[in-house]
Amino acid sequence: MVQIAWLGHSAVHVKGGGVDILIDPFFTGNPTYPAGYEDGLDKVDLIVITHGHEDHIGDSLRLAKKFDATVVAMYEICMWLGGQGVEKLQPMNIGGRIESHGVGFTMVNAQHSSAIIKDGQPITMGDPAGFIVEIGGKVLYHLGDTEVFSDMALIQRLHKPTVGFVPIGDRFTMGPRTAAIAVNELLALDTVIPVHWGTFDLLSGTPEAFKPLVERSTVLTPKAGELIQI
Ligand code: NI
Ligand code: MN
């Protein structure tokens, strides 16, 4: 059995086969984070980071240390965290697949940018990415932050994901219209969970605008922090 909880913005908790994974754990400063959710976590085995922006690295440094978790991320992000004392790291790059804690991770393309701003200057965090996560017999696809791109069809063909975390907020990522093109024409997901919406006023895309455009996939909009079976 695989369970997932959307934790506001792009943050997701994936639970399956006794393994707890946090993807893009942006808790502090995230107005859509379900307050207190972290207190209910007994453990975190793995932290997956799609790219270097603050709303995705989020609390990764603090959480990796607190839970002694393994971080799965782009090489540059792993080295940056390693330099700050995170010990368990699984650096990778686009196209690579690894296994950790019995879970398969493949890093795939995303069309975006990836940097941390320090003292007004960007520090590059390598390329942005999405992740294919194979857990408990399910294949999940967290798209990260991205524009729609035609190679999503290749990602679908190669990895056959059935559940997707799809950004719809517009401005920094796909909006409802382009996300619907991704879901209808390039991917073949049974279940779509919209992410990267409603966090800040800058994000205009909503599930209400997205849902009517989706032709086949089931669009789920769980409450933040609600664990659902997929
Ligand atoms: Ni971003
Ligand atoms: Mn973002």
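E215 and R216 are both exposed in this predicted model. Their side chains meet in a salt bridge, with 3.8 Å from N to O. That distance still counts because the cut-off for a salt bridge is 4 Å between a side-chain nitrogen of Lys or Arg and a carboxyl oxygen of Asp or Glu. A group of four residues comes next: K15, D20, K43 and D45 are joined into one network by salt bridges that share partners.

A search of the whole structure turns up 10 salt bridges. One of them brings together the side chains of E38 and K66, at 2.4 Å from N to O. This pair links distant parts of the chain, 28 residues apart: E38 sits in the loop between β3 (19-23) and β4 (46-48), while K66 belongs to helix α2 (residues 60-67). The two partners also have their own surroundings to look at. E38 has a relative accessible area of 10%, so the residue is buried, whereas K66, at 47%, is partly exposed.

Another salt bridge to find on your screen runs between E134 and R97, whose closest N and O atoms are 3.0 Å apart. Because E134 lies in strand β11 (residues 129-135) and R97 in strand β7 (residues 97-100), the pair ties together parts that are 37 residues apart in sequence.

Now for the rings. The structure holds 3 aromatic pairs. In one of them, W6 and W197 are stacked, with 5.4 Å from centre to centre and 10° between the planes. W6 is part of strand β1 (residues 2-6) and W197 is in the loop between β14 (191-195) and α6 (207-210), so this contact ties together parts that are 191 residues apart in sequence. With a relative accessible area of 5%, W6 is buried; W197, at 21%, is partly exposed. That label follows because buried means under 20% relative accessible area.

The rings of F27 and Y33 give a further aromatic pair. Their centres are 4.4 Å apart and their planes meet at 20°, so the pair is stacked. The reasoning rests on the angle, because planes under 30 degrees apart count as stacked. F27 is buried, with a relative accessible area of 5%, and Y33 counts as buried at 16% relative accessibility.

Finally, turn to the metals. Which residues are the protein donors of the manganese ion (ligand 2)? They are D55 (OD), H56 (NE2), D145 (OD) and H196 (NE2), lying 2.1 to 2.2 Å from the ion. Along the chain, the donors of this manganese ion follow the spacing D-H-x88-D-x50-H. D145 has a further part in the site, as this residue bridges the manganese ion (ligand 2) and the nickel ion (ligand 1), which lie 3.1 Å apart. D55 is buried, with a relative accessible area of 17%. D145 is buried too, with a relative accessible area of 2%.

Methods: Residues numbered from 1 in each chain as written. Chains lettered and ligands numbered in written order. Predicted model: local features only at pLDDT ≥ 70, side-chain atom pairs only at ≥ 80, totals over all residues. Heavy atoms only, no water. Helix = DSSP H or I, 4+ residues; strand = E, 2+ residues; numbered from the N terminus. Buried < 20%, exposed > 50% of the residue type's maximum accessible area, 1.4 Å probe, protein only. Phe/Tyr/Trp six-rings, centres within 6.5 Å; stacked < 30°, edge-to-face > 60°. Donors = N, O, S within 2.8 Å, 3.2 Å for Na, K, Ca; no water.
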